[in-house]
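Take a look at the structure below. We will walk through it a few side chains at a time.

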Amino acid sequence: MSSPMGDVQAVRIEPIGLEGLLGMNGAPQGLVLFAHGSGSGRHSPRNNYVASGLRQAGLATLLLDLLRPDEEDDRAKVFDIPLLASRLLDATRWARQQRDIGQLPIGYFGASTGAGAALVAAAERTVNVGAVVSRGGRPDLAGPALARVRAPTLLIVGGLDTQVIELNKQAFAQLNCDKELTIVPGATHLFEEAGTLAQVLALAAGWFVRHLPAA
């Protein structure tokens, strides 16, 4: 680990060589890995806002880029859900080997296409994922993996993001786990409207705090 930034440190996830930001306050009760969507990264202001709030709620956070810099302009890789899910699983296994966070129950926070990758990873039986939250996500991209997800899953969609609402409803019907679908009134896809991202944070924090200790 290197480059301390307050309670956040830059990390390199080996052997795949992915860059991440690991943050924790005190003695966290869980670790949330962030899977961002296309065109975003570990420095996403929206995800960093949510991550900061989750740390205040007693959780550690790991924001990571699922693609290396030389891959980010390859549109095929940007939308390659199996590849992104495999990278998220690699990061999960890396986290399990770290002294300070290795024993913490793990949750996934996915945005846009990252939500599809998070659900595919959560369906993998070799890792024990305690909870999943999707923000403006495309859980439908997880396909058949949806039926295998056992982690409690919260889907959050903006009330004005009509096409994505329908896709989330279709995915929601295929989930066979503890699940909720919450629509935030007046929010568009990126939750840029005043107060809407704060609602996402409150919902996500409540979900992870409720479910991760049980994991």
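Start with a charge and a ring. Lys179 lies over the face of Phe172. The distance to the ring centre is 4.4 Å. Keep in mind that this model is predicted.

How many aromatic pairs does the structure hold? It holds one. The partners are Phe34 and Phe109. A pair of aromatic rings is described by the distance of the centres and the angle of the planes. For Phe34 and Phe109, the centres are 4.9 Å apart and the planes make an angle of 35 degrees. Planes under 30 degrees apart would count as stacked, and those over 60 as edge-to-face. This pair is therefore tilted, with its 35 degrees between the planes.

Where do the two rings come from? Phe34 belongs to strand β4, residues 31–35. Phe109 belongs to strand β6, residues 106–111. The pair therefore ties together parts that are 75 residues apart in sequence.

Phe34 has 2% relative accessibility, so Phe34 counts as buried. Phe109 has 1%, so Phe109 counts as buried too.

Next, find Ala118. Ala118 sits in helix α4, which covers residues 113–122. Its relative accessible area is 0%, so Ala118 is buried. What does Ala118 touch, leaving aside residues up to four places away in sequence? The answer is Leu88 and Tyr108.

Finally, look from Ala118 to Leu201. These two residues are 83 residues apart along the chain. Their C-alpha atoms are separated by 18 Å.

Definitions and conventions
Residues numbered from 1 in each chain as written. Predicted model: local features only at pLDDT ≥ 70, side-chain atom pairs only at ≥ 80, totals over all residues. Heavy atoms only, no water. Helix = DSSP H or I, 4+ residues; strand = E, 2+ residues; numbered from the N terminus. Buried < 20%, exposed > 50% of the residue type's maximum accessible area, 1.4 Å probe, protein only. Contact = heavy atoms within 4.5 Å. Phe/Tyr/Trp six-rings, centres within 6.5 Å; stacked < 30°, edge-to-face > 60°. Lys NZ or Arg CZ within 6 Å of the ring centre and 35° of its normal.
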